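Please have a look at the sequence and the structure first.

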Amino acid sequence: MKRALVLAAACDHPEARWLTDVCAGKDVKTKEEARDIFLALGENARALCFSFLLDDQVDIARLRRSAELGYAFAQSAMANRTVREERFYWAQKAALQGERDG
C-alpha cells in the first residue's frame, strides 16, 4: 500500500490525486486500512467503489451503490459482474462518460 500511495502522489491523474488527498497524513500499510479509510467517507462514489475492490467479500452492494451514484469506473465494473440487459445498461452508462472499459 505504501508503494502504491507513493506512485499515486507522483501522478497527476484525477483518481491518483483523490487517493493521495484521502490518504494524506495517514499511515496506510494494508489494504484493510485503506478500505476502512474509504468506508469512513460514507456515500462517496469513489470511496464505495475502492472499498469494494479492496474487500474480499462477494457482496456487490457497495459497488452497485457507487455505480448508482454515477461513478463511471464502478459502472464498468458492474457491467463485468452482471448479465444481459443489466450488463448493457451499466456498460452504456460508463461508456457515455468516456470510461474506456464501458
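This is a predicted model: local features need pLDDT of at least 70, side-chain atom pairs count only at pLDDT 80 or more; totals for chains, interfaces and linings use all residues.

Let me begin with Arg62, which lies in helix α5 (residues 61-68), where helices are DSSP runs of H or I with at least four residues, numbered from the N terminus. Residues are numbered from 1 along each chain as its sequence is written, and side-chain values use heavy atoms, with hydrogens and water left out.

Is Arg62 buried or exposed? Arg62 is buried, with a relative accessible area of 17%, given that buried means under 20% relative accessible area, exposed over 50%, and partly exposed in between, with a 1.4 Å probe and protein chains only. If we set aside residues up to four places away in sequence, Arg62 touches Arg35, Leu39, Leu48, Ser51, Phe52, Asp55 and Gln57, a contact being heavy atoms within 4.5 Å.

Phe52 brings us to helix α4, where Cys49, Phe52 and Leu53 meet Phe73, Ala74 and Arg81 of α6. The axes of α4 and helix α6 (residues 72-81) come within 9 Å and cross at roughly 40°; the axes are lines fitted to C-alpha atoms, for helices over the stretch in contact, and the angles run from 0 to 180 degrees between N-to-C directions. The two helices, α4 and α6, are therefore oblique to each other, since angles under 35 degrees count as roughly parallel, over 145 as roughly antiparallel, 65 to 115 as roughly perpendicular and the rest as oblique. The residues of this contact of α4 with α6 divide into 5 nonpolar, no polar and 1 charged, where Ala, Val, Leu, Ile, Met, Phe, Trp, Tyr, Cys and Pro count as nonpolar, Asp, Glu, Lys and Arg as charged, and the others, Gly among them, as polar.

On to the packing of α2 and α4, whose axes are 12 Å apart and at an angle of about 85°, which makes α2 roughly perpendicular to α4. Here Pro14, Glu15 and Trp18 in α2 meet Arg46, Ala47 and Phe50 in α4, and by class the contact of α2 with α4 has 4 nonpolar, no polar and 2 charged residues.

Now for the rings. A pair of aromatic rings is described by the distance of the centres and the angle of the planes. The structure holds 6 aromatic pairs, counted when rings of Phe, Tyr and Trp (its six-membered ring) have centres within 6.5 Å, with planes under 30 degrees apart called stacked, over 60 edge-to-face and the rest tilted. In one of them, the rings of Trp18 and Phe50 have centres 5.5 Å apart and planes at 55°, so the pair is tilted. This pair links distant parts of the chain, with Trp18 in helix α2 (residues 14-23) and Phe50 in helix α4 (residues 45-53), 32 residues apart, and both Trp18 and Phe50 are buried. Ring pairs also link Trp18, Phe38, Phe50, Tyr71 and Phe73 into a cluster.

Staying with helix α2, Val22 is found there and, at 14% relative accessibility, counts as buried. Apart from its neighbours within four places in sequence, Val22 is in contact with Ile37, Phe38 and Leu41.
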